[in-house]
Amino acid sequence: PSGLVDLWNEAIREEPIFLRRVPIRQSQEVGGPCLAGLIQPCLLVPPNLSEQFSQKEIHLIFLHEIAHLRRHDLWLNGLLETVRTVHWFNPVVGWVLRRWREDREEACDVHALSADRVSNVLYGQVLLKCLERASGLEADRVAVAWQGPSSAAPRSLVHRIQAIARFRTGRRTWI
């Protein structure tokens, strides 16, 4: 675990102080790295993460999770899930939430890819590796914002991989 803590601290050292206080913890309950907690967020990782991924791949995963922290996605997700609970009967709310999740993950991809010396090819491979490892897990444990078997990847995941492949540093629109 100390190797993962060192990697996490290295990835987060340039971030604002409120992000540098986010601890990393191991949990059998997660299939891949994810953030949890609104008041005191922490990064949860499976105990075998360093056996599944190289240090460079773990660093890319951590950059993606840092983007979720910077964007305050945990709070927004909580708010949107509250709206969904109240409006459970409204299909538009479900559609908006799915679209938000897809857009959220793509925004985090852009943040991770914008870091120094990040290869979009390696990043895309890590995403696919996460997907491969996640197949068969419960939907809420999948870390790629898509729920289902890897053999039936939806257009949103295909679009995400294409966006990663096309990514060039400094080439962003105002959107």
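**Close-up 1. Trp88 and Phe89, two exposed rings that pair up.** Trp88 sits out in the open: with a relative accessibility of 68%, it counts as exposed. (Here buried means under 20% relative accessible area, exposed means over 50%, and partly exposed is in between, using a 1.4 Å probe and protein chains only.) Phe89 is exposed as well, at 53%. This is a predicted model, so local features need pLDDT of at least 70 and side-chain atom pairs count only at pLDDT 80 or more, while totals for chains, interfaces and linings use all residues. Residues are numbered from 1 along each chain as its sequence is written, and side-chain values use heavy atoms, with hydrogens and water left out.

Close-up 2. A pair of aromatic rings is described by the distance of the centres and the angle of the planes. The rule used here takes rings of Phe, Tyr and Trp (its six-membered ring) with centres within 6.5 Å, and calls planes under 30 degrees apart stacked, over 60 edge-to-face and the rest tilted. By that rule there are two aromatic pairs. In one of them, the ring centres of Trp8 and Phe62 are 5.3 Å apart and the planes stand at 85 degrees, so the pair is edge-to-face. Trp8 belongs to helix α1 and Phe62 to helix α4, so the pair ties together parts that are 54 residues apart in sequence. (Helices, H or I with at least four residues, and strands, E with at least two, are DSSP runs numbered from the N terminus.) Trp8 is buried at 1% relative accessibility, and Phe62 is buried at 0%. The pair formed by Trp88 and Phe89 is also edge-to-face, at 5.7 Å centre to centre with 90 degrees between the planes.

**Close-up 3. Phe62 and the largest nonpolar core.** A nonpolar core is a set of buried Ala, Val, Leu, Ile, Met, Phe, Trp, Tyr and Cys residues joined through side-chain atoms within 4.5 Å. The largest one has 32 residues, and Trp8 and Phe62 have the most contacts inside it. Elements giving two or more residues to this core include α1 (2-12), β3 (42-45) and α4. Helix α4 gives the most, with seven residues. Leaving aside neighbours within four places in sequence, Phe62 is in contact (heavy atoms within 4.5 Å) with residues including Leu4, Leu7, Ile24 and Val45.

Close-up 4. Helix α4 covers residues 55-70 and reaches 22 Å from its first C-alpha to its last. That is close to the 22 Å expected, where the expected span is 1.5 Å times one less than the number of residues. In α4, 12 of the 16 residues are buried, among them Glu57, His64 and His68. Just after the helix, His72 takes a positive phi of about 60 degrees.

**Close-up 5. Two side-chain polar contacts.** A polar contact is a pair of N or O atoms within 3.5 Å; within protein, one must be able to donate a hydrogen and the other to accept it, and residues adjacent in sequence count only if both atoms are side-chain atoms. Arg160, in helix α8, is buried at 5% relative accessibility. The side chain of Arg160 makes a polar contact of 2.5 Å with the side chain of Asp109. Glu81, in helix α5 (residues 73-86), is partly exposed at 22%. The side chains of Glu81 and Arg101 are joined by a polar contact of 2.7 Å.
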